[in-house]
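Me: Got a structure open here and a few things to ask. Can we go through it piece by piece?

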Amino acid sequence: MNRANGSAPTPSDSDALKQRIAELEDLVTALRSGAADALVVDTDAGPSVRPVGGSDVLYQRLIERLPEGLVALSLDGTILFASRRFAALVGEPGESLIGRPFVELIAHHERADVIAALEDDRPDDAHLLVQLGAEADRSPTVVLSIEGIELPGQTARWVIVSDTDHQAYLHYLVEHDFLTELLNRRGFESQLAEHLEDAAAGAVLIIDVDHFKYVNDTLGHLAGDELLTRIAHGLAATVRGDDVIARIGGDEFAILMRSGDLTAVDALASRLLASVRELGLGEVLGLGREISVSIGGALVVPGLDVMAVADDALYQAKREGRDRAVVVGALA
Amino acid sequence: MSPESSDGEHPQGDADHYTLRLYVAGQTPRSLAAINNLVNICREHLDGRYDIEVIDLLEDPERARADDIVAIPTLIRALPAPLQRLIGDLSDTERVLTGLEIVPR
């Protein structure tokens with residue numbers, strides 16, 4: 001990356017700035033996905049190599065867990081990084097925000113104040129109550145706190161975006177798995193209980209990644225996280241529209257089929273097994289062996305603990321050699 | 001680490017010749033994978049038109065300044081200009097080929 005000389009980018013710098021934004025985007029993507037092993041940080045003694053996997057990844061995850069949105073801006077007000085929370089607040093995909101002027105996301109009548117605060121040389125005390133978006137009646141009102149930061153190559157701005165109502169987001173965090181963005185065990189159990197109150201129908205599938213410990217031990221936890229994320233996306237793309245999917249444990253996923261007989265459960269289980277094989281994760285991660293899952297399934301039967309029956313079926317699938325499904329019908 | 005040269009001839013003025021620098025940090029899995037992937041991609045797609053220098057920043061961290069390296073592994077395409085950089089273990093061959101403009105984006 002080209003180190004800037006401290007002066008603000010001018011229009012003639014636009015190509016360099018675009019390149020710079022693309023590079024920072026790559027960097028954020030690399031850190032998120034675990035593609036980078038280490039960071040080079042400036043110290044008084046010169047550049048120093050610091051392994052990723054400790055504080056940097058934790059820092060990144062911490063940012064994403066905050067109830068406040070966080071945005072990094074270049075000196076000309078272009079978005080370099082936007083947290084998921086901020087993307088949710090403005091109602092747009094995070095990727096689409098990178099490279100856009102921040103003020104475009106602020107209501108028209110508030111923009112002059114925001115521009116003035118961003119142009120302030122010492123913005124550390126700037127706190128503004130503004131409305132996001134162009135539709136004044138439907139967009140949330142937020143507090144913007146603007147801070148100066150040092151990014152490699154330029155001085156930029158952090159904008160902390162505090163929603164006046166955190167409750168909805170906190171509720172989301174309680175019931176979702178942060179890594180995969182699927183429901184977590186608590187969220188799944190809540191949906192299952194709700195379903196069982198309404199109907200004694202459907203089925204539960206429990207899915208466990210085969211030899212997951214080997215991946216963690218061989219390639220490290222970042223690769224393990226990458227594997228889980230990819231499998232989660234593969235499974236989520238395979239389930240039916242009204243099925244509920246969750247990550248209920250380290251390498252364990254669960255699916256609630258709200259309807260369907262044994263044939264439908266068998267069919268979905270087969271599709272799920274195939275979807276994981278088709279990901280080719282062993283090759284993608286350079287693991288030297290293919291990645292598979294085992295599945296235990298159980299039909300919902302009044303009086304039986306469907307989760308326990310599905311769990312027993314899962315262990316049967318493991319005992320029989322893995323990479324297979326065992327589905328227990330009504331007589332279990 | 002010593003550079004890998006495709007043929008010993010370095011036609012630096014040749015617009016088709018790639019001068020690549022791969023920044024790594026010791027023998028980490030991503031660094032080793034990046035070296036392996038890069039060599040394979042060059043052998044397969046650049047047909048002798050490349051030089052690779054592997055720079056271990058654990059041995060010589062000052063080298064990070066020259067290309068403003070922030071994350072490791074990072075691959076720099078120094079030539080042909082303009083300079084391009086890719087972060088990661090280079091396992092996505094298609095992304096490497098387009099990122100280095102060996103094939104059109």
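Me: Is A:Arg322 buried, partly exposed or exposed?
Reply: This is a predicted model. In it, A:Arg322 has a relative accessible area of 31%. Buried needs under 20% and exposed needs over 50%, so A:Arg322 counts as partly exposed.

Me: Where is A:Arg322 found?
Reply: In a loop of chain A, between helix 12 (306-319) and strand 12 (325-328).

Me: What about phi of A:Arg322?
Reply: Near 70°. That is a positive value, and the residue is not glycine.

Me: Which residue in chain B has a positive phi without being glycine?
Reply: B:Asp47 is one of them, with phi near 45°. The loop holding B:Asp47 runs between helix 1 (29-45) and strand 3 (50-56) of chain B.

Me: And B:Asp47, buried or exposed?
Reply: Exposed. Its relative accessible area is 66%, and the cut-off for exposed is over 50%.

Me: Staying with backbone in chain B. Which residues does a cis peptide bond join?
Reply: B:Ile72 and B:Pro73, with omega about 0°. B:Pro73 sits in the loop between strand 4 (71-72) and strand 5 (74-79) of chain B. The peptide bond from B:Ala81 to B:Pro82 is cis too, with omega near 0°.

Me: Where is B:Pro82, then?
Reply: In the loop between strand 5 and strand 6 (84-87) of chain B.

Me: Zoom out. How many helices and strands are there in chain B?
Reply: 3 helices and 6 strands. Along the sequence, the order is β-β-α-β-α-β-β-β-α.

Me: How much of chain B is buried?
Reply: Of its 105 residues, 49% are buried.

Me: Pick a buried residue. Where does B:Val96 lie?
Reply: In helix 3 (residues 93-99) of chain B. Relative accessibility of B:Val96 is 2%, so B:Val96 counts as buried.

Me: What is B:Val96 in contact with?
Reply: Setting aside neighbours within four places in sequence, B:Val96 is in contact with B:Ile41, B:Leu86 and B:Leu90. B:Leu86 is 10 residues from B:Val96 in sequence. Their C-alpha atoms are 7.5 Å apart.

Me: Over to chain A. What does its secondary structure come to?
Reply: 12 helices and 12 strands. Chain A has 332 residues, and 49% of them are buried. Chain A exposes about 16100 Å², with 51% supplied by carbon and sulfur atoms.

Me: And the contacts in chain A?
Reply: Of those with a separation of 6 or more, 55% are between residues 24 or more positions apart.

Me: Which residues of helix 8 in chain A are buried?
Reply: Helix 8 of chain A covers residues 212-219, and A:Phe212, A:Val215 and A:Asn216 are buried there. Looking down the axis of helix 8 of chain A, the buried residues fall within an arc of 95°, so they line one face of the helix.

Me: What is on the other side of helix 8 of chain A?
Reply: A:Lys213 and A:Asp217, which are exposed.

Me: What covers the buried residues of helix 8 of chain A?
Reply: The cover includes strand 8 (203-209) and helix 9 (221-238) of chain A. Just after helix 8 of chain A comes A:Gly220, with a positive phi of about 100°.

Me: Helix 9 of chain A next. How do its axis and that of helix 10 of chain A cross?
Reply: At roughly 140°. The axes come within 9 Å, and helix 10 of chain A is residues 262-279.

Me: What hand is the crossing of helix 9 and helix 10 of chain A?
Reply: Right-handed.

Me: Which residues meet there?
Reply: From helix 9 of chain A, A:Arg230, A:Ile231, A:Gly234, A:Leu235 and A:Thr238. They meet A:Leu268, A:Arg271, A:Leu272, A:Ser275, A:Val276 and A:Leu279 in helix 10 of chain A.

Methods:
Residues are numbered from 1 along each chain as its sequence is written. Chains are lettered from A and ligands numbered from 1 in the order in which they are written. This is a predicted model: local features need pLDDT of at least 70, side-chain atom pairs count only at pLDDT 80 or more; totals for chains, interfaces and linings use all residues. Side-chain values use heavy atoms; hydrogens and water are left out. Helices (H or I, at least four residues) and strands (E, at least two) are DSSP runs, numbered from the N terminus. Buried means under 20% relative accessible area, exposed over 50%, partly exposed in between (1.4 Å probe, protein chains only). The arc is that of the directions from the helix axis to the C-beta atoms. Contact means heavy atoms within 4.5 Å. Axes are lines fitted to C-alpha atoms, for helices over the stretch in contact, and angles run from 0 to 180 degrees between N-to-C directions. A crossing is left-handed if the near helix is turned anticlockwise from the far one by less than a right angle, and right-handed if clockwise. Accessible areas come from the Shrake-Rupley method with a 1.4 Å probe; for residues, only the protein chains shown count as cover.
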